[in-house]
Amino acid sequence: QVQFVESGGGLVQPGGSLRLSCTPSRSLNLLEVAWYRQAPGKQHELVARFSGGSAVYADSVKGRFDISRDNAKNSVDLRMNNLKPEDTAVYYCNADRPPMFYWGQGTQVTVSS
């Protein structure tokens with residue numbers, strides 16, 4: 001069973017930027033790794049995934065977030081720009097489709113003035 005380690009979260013002001021990184025515990029097809037987030041009291045929400053040589057995004061983050069892979073680091077990164085308070089959540093990575101792996105600890109992103 002693969003596990004993931006997420007990092008890069010923090011406290012930022014609205015309009016700020018963060019870059020998150022996701023590292024699988026073993027070799028994996030990085031193009032099948034996606035980013036999710038979970039706000040308090042809500043389910044995991046698919047934020048970004050690779051698709052057909054490009055990527056697709058949740059409507060709420062389209063144009064602001066960018067998912068990419070770094071083969072040298074064995075990581076899948078999520079660049080987040082123009083952050084909004086509603087982006088506040090714990091961000092996770094996992095398989096882009098069922099069956100899902102176990103959820104890791106995630107990394108907290110808090111957007112507040």
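This briefing describes the salt bridges of the structure and the surroundings of one asparagine. The model is predicted. Across the whole structure, 7 salt bridges are found. Four residues, Arg-37, Glu-45, Arg-64 and Asp-87, are joined in a salt-bridge network. The asparagine considered here is Asn-94, a residue of strand β9.

**A salt bridge between exposed residues**

- Lys-62 and Asp-59 form a salt bridge through their side chains, with an N to O distance of 3.1 Å.
- Lys-62 has a relative accessibility of 52% and is therefore classed as exposed, because the exposed class covers values over 50%.
- Asp-59 is likewise exposed, at 65% relative accessibility.

**The Arg-64 and Asp-87 pair**

- A salt bridge joins the side chains of Arg-64 and Asp-87, at 2.7 Å from N to O.
- This pair connects distant parts of the chain, its members being 23 residues apart. Arg-64 lies in the loop between β6 (54-57) and β7 (65-70), whereas Asp-87 lies in the loop between β8 (75-80) and β9 (89-95).
- Arg-64 is buried at 9% relative accessibility, because buried means under 20%.
- Asp-87 is also buried, and its relative accessible area is 0%.
- Both residues belong to the salt-bridge network that includes Arg-37 and Glu-45.

**The Asp-66 and Arg-79 pair**

- Asp-66 is partly exposed, with a relative accessible area of 24%.
- Arg-79 is partly exposed as well, at 36% relative accessibility.

**The surroundings of Asn-94**

- Asn-94, in strand β9, is buried, with a relative accessibility of 0%.
- Beyond its neighbours within four places in sequence, Asn-94 is in contact with Phe-4, Glu-32, Val-33, Ala-34 and Tyr-36, and also with Met-100, Phe-101, Tyr-102 and Trp-103.
- One of these residues, Phe-101, has its backbone nitrogen 2.9 Å from a polar atom of the Asn-94 side chain.
- Pro-24 is 70 residues from Asn-94 in sequence, while the C-alpha atoms of the two residues are 8.9 Å apart in space.

Technical notes: Residues are numbered from 1 along each chain as its sequence is written. This is a predicted model: local features need pLDDT of at least 70, side-chain atom pairs count only at pLDDT 80 or more; totals for chains, interfaces and linings use all residues. Side-chain values use heavy atoms; hydrogens and water are left out. Buried means under 20% relative accessible area, exposed over 50%, partly exposed in between (1.4 Å probe, protein chains only). Helices (H or I, at least four residues) and strands (E, at least two) are DSSP runs, numbered from the N terminus. Contact means heavy atoms within 4.5 Å. A polar contact is a pair of N or O atoms within 3.5 Å; within protein, one must be able to donate a hydrogen and the other to accept it, and residues adjacent in sequence count only if both atoms are side-chain atoms.
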